[in-house]
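Please keep the sequence and the model in view while reading.

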Amino acid sequence: MKANYVSENDDAKVAYTVLYVLPFYLSPTTRPSPTLSRDAPSVIRARIHFVTISVTLSTTATFYILATRTNASPLEMLRLLGWYPIGVLELIKTLLLTALLFAGPLLEKAVIEDRWKDWIRGQPLNETLSSWIGWRNYVAGPVTEELLFRSLLVPLHLLAPLPPHRVILLTPLYFGIAHIHHFYEFILTHPHTPWAPSIMRSLIQFTYTTMFGWYATFVFIRTGNVVAATLTHTFCNWAGLPRVWGRVEPRVAMGGPVIRAKEDSGSEPGMDPKSSLRWSAAYYVLLVAGAAGFQQCLWTLTESPRALAKVG
């Protein structure tokens with residue numbers, strides 16, 4: 001029975017991953033081309049439609065496996081999937097923990113770039129809800145990916161049974177692999193980019209998506225709360241990778257606001273060198289202090305009576 005259950009889990013994790021990614025390339029409405037970007041609204045809408053179907057099918061399969069291979073009641077199955085109960089305290093603690101890791105970037109966004117007023121007015125939320133890219137990056141992506149790679153796959157592995165630390169290390173690999181297809185999309189839409197930097201880009205993406213997967217799986221198992229993992233995913237997508245080098249430069253309006261793209265670097269007109277040095281020092285001090293605080297509070301802020309398993 002155990003061997004059959006483990007075999008079913010192996011089949012499930014492969015099938016779920018393939019079912020999630022494959023529809024992106026089966027239909028011309030979801031398949032990118034040299035003239036059709038993955039960021040095109042029509043592509044995003046079609047992909048959200050297909051991944052919703054994929055996750056629904058995977059969820060149905062998981063409920064079937066749990067119902068036929070365990071004696072869990074419907075309520076117990078919801079608890080195993082992290083759907084119920086939703087602890088508000090776990091949500092707050094998890095977001096606080098994640099914010100510690102991004103203390104430097106939060107300073108840069110809120111104070112140095114003076115976005116805190118926009119946050120109070122809810123402008124970023126309005127922009128997100130009015131953009132298909134925003135819906136994909138901050139709503140549909142985090143919700144469907146956390147449902148599949150955390151809520152569905154993790155409980156099946158815990159019941160196999162596999163030790164929690166192995167589940168934390170292994171299951172995010174499928175999350176990372178599920179993002180490798182971006183390599184194909186990148187070379188398709190950037191045909192003049194050499195292969196070496198394209199491959200390096202994909203390896204970096206695989207690395208940080210897998211590392212995030214380790215953290216999200218840890219949070220999910222420790223809190224038993226898929227919403228906590230989903231909000232963490234949304235927060236990390238919004239924050240992006242923290243700056244780990246370079247000078248932090250506040251923007252000073254001279255004859256109008258200065259607009260800078262992500263790719264731009266170097267000094268701009270209107271920069272105050274002394275102010276830039278001060279902000280840079282504050283940023284990196286907070287970045288290091290936040291990372292230290294994250295490590296210190298990792299276990300405390302993820303502790304919950306609803307944990308799916310004991311880690312460590």
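**Loops, helices and confidence**

Pro161 lies in the loop that links H9 and H10, where helices (H or I, at least four residues) are DSSP runs numbered from the N terminus, as are strands (E, at least two). The model is a predicted one, in which local features need pLDDT of at least 70 and side-chain atom pairs count only at pLDDT 80 or more, while totals for chains, interfaces and linings use all residues. Residues are numbered from 1 along each chain as its sequence is written, and side-chain values use heavy atoms, with hydrogens and water left out.

The peptide bond that leads from Ala160 into Pro161 is cis, and its omega is near 0°. A cis peptide bond also joins Tyr84 to Pro85, with omega about -10°; Pro85 belongs to the loop between helix H4 (74-80) and H5. Most peptide bonds are trans, and most residues other than glycine have a negative phi. Asp114, which is not a glycine, has a positive phi of about 60°, and this residue sits in the loop between helix H6 (103-112) and helix H7 (116-121).

On either side of the loop with Pro161, helix H9 (residues 132-158) and helix H10 (residues 164-177) pack at an angle of about 140°, their axes 10 Å apart. Axes are lines fitted to C-alpha atoms, for helices over the stretch in contact, and angles run from 0 to 180 degrees between N-to-C directions. H9 is therefore oblique to H10, since angles under 35 degrees count as roughly parallel, over 145 as roughly antiparallel, 65 to 115 as roughly perpendicular and the rest as oblique. In their contact (heavy atoms within 4.5 Å), the residues of H9 include Phe149 and Val154, and those of H10 include Val167 and Tyr174.

Helix H5 (residues 88-101) and helix H14 (residues 273-297) pack at about 145°, with axes 6 Å apart. Here Leu97, Leu100 and Leu101 of H5 meet residues of H14, among them Leu287, Ala291 and Phe294.

Helix H12 (residues 195-223) has 29 residues and should span 42 Å at 1.5 Å a residue; the distance of 41 Å between its end C-alpha atoms agrees. The expected span is 1.5 Å times one less than the number of residues. Gly224, with a positive phi near 60°, follows H12.

The chain has an average pLDDT of 88, and 89% of the residues score at least 70; pLDDT is the predictor's confidence in each residue, from 0 to 100. Over residues 253-270 the pLDDT is below 50, and this stretch has 13 contacts in the model beyond near neighbours in sequence. Where pLDDT is low, the predicted coordinates should not be read in detail.
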